[in-house]
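Here are my notes for your first look through this model. Keep the 3D view open and follow the points in order.

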Amino acid sequence: MGKDRVVTHIHSESYLQQYAHKPITHKSLVYTTNRPAEKLNGLWYFTEDPYDTGLRAGWPKDSLTPYWEKDEPWDYGWDEGEQVPVPSCWNMINQRYYYYEGSAWYARRVQYEPLSSDERVVLRIGAANYDAKVFLNGEYLGFHQGGSTPFCIELTGLLRRDNLLQICVNNERFVERIPGRNTDWFNYGGLYRDVELFRLPSSFIKDFAVYLVPDGEYSTIKAHIEIDGSDVENQVRLSIPELDVDETAVLIDGKAQFTIECEPVLWSPENPHLYDVYVSYGKDSIHDRIGFRQIETRGTGIYLNGEKVFLKGICVHEDDPILGKATIEENIRRMFADAKELGCNFVRLAHYPHSELAAVIADEVGILLWEELPVYWTVDFANEETFRDAENQLVELIKRDQNRASVIIWSVGNENADTDDRLHFMGRLVNTARTLDTTRLVAAACIVEKDRLAEYIDVIGVNEYYGWYIPDFGGLVELVETWNPGKPVIISETGAGALAGYHGPKTEMFTEEKMAEVYRRQIEIISDVEYIAGISPWILYDFRAPRRYNRFQRGYNRKGLIAADKRTRKQAFYVLQDFYRGK
Ligand code: GCU
């Protein structure tokens with residue numbers, strides 16, 4: 001390491017600047033749905049690094065020399081930590097990491113043999129909370145910010161036969177991050193979604209969006225394709241066999257557009273019809289299963305395929321007693337099955353982008369989705385870097401799920417104070433969402449109905465806890481009788497807490513009886529209000545929340561209709577179920 005490096009790194013607090021370049025953003029995303037992937041999941045070496053010694057001292061550079069050949073002392077060996085499974089949250093792997101917040105190093109070898117001389121190779125990380133710095137064979141490749149969206153790095157030309165891949169993940173909470181320092185959910189850390197390699201032709205399909213033109217005619221499909229690489233050919237082909245569609249379009253400056261007249265069976269929760277859509281270009285081809293539908297607002301109503309719909313919803317977090325924020329298909333399918341048993345046609349995926357599998361499965365099983373950006377409570381709304389981070393996460397989410405019929409709402413945030421900085425920040429996010437996607441509604445969950453952001457969004461989410469945080473229901477009665485928002489409102493949160501199995505009078509806090517009574521009163525008041533187009537009570541399952549430690553909570557938020565075991569239903573579950581079944 002040399003004396004000067006030792007001295008430098010113990011006297012410098014600006015060590016992060018050397019990593020401030022090479023941001024990995026939505027611009028490097030590659031369309032990977034249904035592509036053959038070489039998964040790098042499995043056991044990685046793991047070393048926690050609470051003082052950021054690795055970034056200060058440059059551990060990756062020193063990782064290449066086997067320890068028996070080193071002539072200077074070392075503090076980190078890439079294969080000298082414990083081995084942990086990827087994907088996972090480190091908090092759930094070992095009790096010593098339960099509350100760990102800081103940097104941690106993941107490392108593994110990657111063998112690589114090119115299959116063709118001109119192939120390109122992309123590394124894709126499904127999600128890493130929060131900041132991920134990627135190193136290959138000791139070289140720094142870049143950093144990604146955002147704990148719930150995928151990111152891609154091209155490795156073409158950088159891979160040897162035998163490689164060392166290291167990723168430094170940091171989950172510390174800062175007000176400058178999205179979300180900021182204070183949340184009502186558990187701050188998990190790690191590489192907690194798939195890590196994959198994709199081999200691509202020298203020119204490949206980088207982005208692909210296909211949708212029903214929302215003009216009320218239900219008879220025009222548009223598609224936009226973007227190619228990365230030299231224009232080996234100038235024709236892109238798109239086919240939808242079930243609709244007898246097989247068309248080509250000319251590639252101009254790496255992009256091709258399709259406008260196709262046809263009348264698809266429309267996707268809906270009752271009939272979640274999906275079409276096989278194929279796109280090919282040169283040596284590349286992709287396939288996706290697409291539902292075609294139109295969502296729109298008319299006055300204070302929400303309309304799906306021209307028919308007014310009431311969104312019978314529920315909120316969910318990504319939180320599992322065993323896996324933490326990591327998820328598996330079985331858990332997502334169970335969540336939607338529980339929501340359907342409750343009588344839902346709608347689920348609010350709070351408060352951040354959930355696994356991409358959620359929207360894929362919602363497309364299949366027929367559930368409408370609200371997806372959300374974790375601009376939650378207090379973030380640094382005056383900070384341009386914070387805005388860049390938020391906007392990048394929004395674009396990554398939209399690019400990831402733009403072909404999912406189930407996603408009908410992009411939400412740009414939750415329960416922020418109504419300040420000028422916040423209004424400017426959120427107004428720009430709303431504009432970005434609208435510019436990128438003309439086929440979905442834009443919303444936000446507000447804590448007060450008179451939030452100035454209401455002017456900017458299509459659907460106003462209102463989080464109200466009359467009967468719980470506000471014991472009296474009078475304010476809710478007055479709200480529904482006097483407010484005329486002029487656009488659809490979704491009660492995006494309401495509810496109460498109860499410890500499953502704790503019983504007592506319906507006046508006693510945290511009894512199941514009290515929770516059920518709050519639901520009964522809420523339903524009485526909000527169930528027939530002309531401008532309320534839906535409700536998504538808080539929340540389907542109890543979840544970890546480090547702000548909650550009373551005798552009933554013990555580190556959990558107990559507003560779940562089902563306990564954290566994801567099996568035990570509370571009385572309120574059946575109160576809401578009765579309402580939805582009668583709706
Ligand atoms: C808020 C917030 C949730 C929180 C909930 C609660 O509305 O949006 O994240 O968990 O209320 O207090 O339980």
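**Notes on helix packing, the ligand site and the backbone**

1. Helices α5 and α6 have axes that come within 10 Å and cross at roughly 45 degrees. An axis here is a line fitted to C-alpha atoms, for helices over the stretch in contact, and angles run from 0 to 180 degrees between N-to-C directions. Helices (H or I, at least four residues) and strands (E, at least two) are DSSP runs, numbered from the N terminus.

2. Before you go further, please note that this is a predicted model, where local features need pLDDT of at least 70 and side-chain atom pairs count only at pLDDT 80 or more, while totals for chains, interfaces and linings use all residues. Residues are numbered from 1 along each chain as its sequence is written, and side-chain values use heavy atoms, with hydrogens and water left out.

3. For the wording, angles under 35 degrees count as roughly parallel, over 145 as roughly antiparallel, 65 to 115 as roughly perpendicular and the rest as oblique. The crossing of α5 and α6 is right-handed; a crossing gets that name if the near helix is turned clockwise from the far one by less than a right angle, and is left-handed if anticlockwise.

4. Which residues of α5 and α6 meet? From α5 come Glu329, Ile332, Arg333, Phe336 and Lys340, and from α6 come Leu357, Ala358, Ile361, Ala362, Glu364 and Val365. (Contact means heavy atoms within 4.5 Å.) By class, this contact of α5 with α6 has seven nonpolar, no polar and four charged residues. Ala, Val, Leu, Ile, Met, Phe, Trp, Tyr, Cys and Pro count as nonpolar, Asp, Glu, Lys and Arg as charged, and the others, Gly among them, as polar.

5. Helix α5 (residues 329-342) also packs with helix α11 (residues 571-582): their axes come within 8 Å and cross at roughly 65 degrees. The two helices α5 and α11 are therefore roughly perpendicular to each other. On the α5 side, Asp338, Glu341 and Leu342 make the contact, and on the α11 side Phe573, Leu576, Gln577, Tyr580 and Arg581 do. The contact of α5 with α11 divides into four nonpolar, one polar and three charged residues.

6. Now find helix α9 (residues 474-482) and helix α10 (residues 512-526), which pack at an angle of about 20 degrees with their axes 10 Å apart. That makes α9 roughly parallel to α10. The α9 and α10 crossing is right-handed. Leu476, Val477 and Val480 of α9 meet Gln522, Ile525 and Ile526 of α10, and the residues of this contact divide into five nonpolar, one polar and no charged.

7. Around the ligand there are 14 residues, of which Asp184, Glu415, Tyr469, Glu493 and Lys559 come nearest. (A residue is near a molecule or strand if one of its heavy atoms lies within 4 Å of it.) Polar side-chain atoms lie 2.3 Å from a ligand oxygen in Glu415 and 3.1 Å from a ligand oxygen in Arg548. An N or O atom in the side chain of Tyr469 is 2.5 Å from an oxygen atom of the ligand.

8. Finally, look at the backbone. Val86 and Pro87 are joined by a cis peptide bond, with omega about 5 degrees, and Pro87 lies in the loop between β3 (82-86) and α4 (90-93). The peptide bond from Ala350 to His351 is cis too, with omega near -25 degrees; His351 sits in the loop between β24 (346-349) and α6 (356-365).

Technical notes:
Polar contact = N/O pair within 3.5 Å; in protein donor to acceptor, adjacent residues only side chain to side chain.
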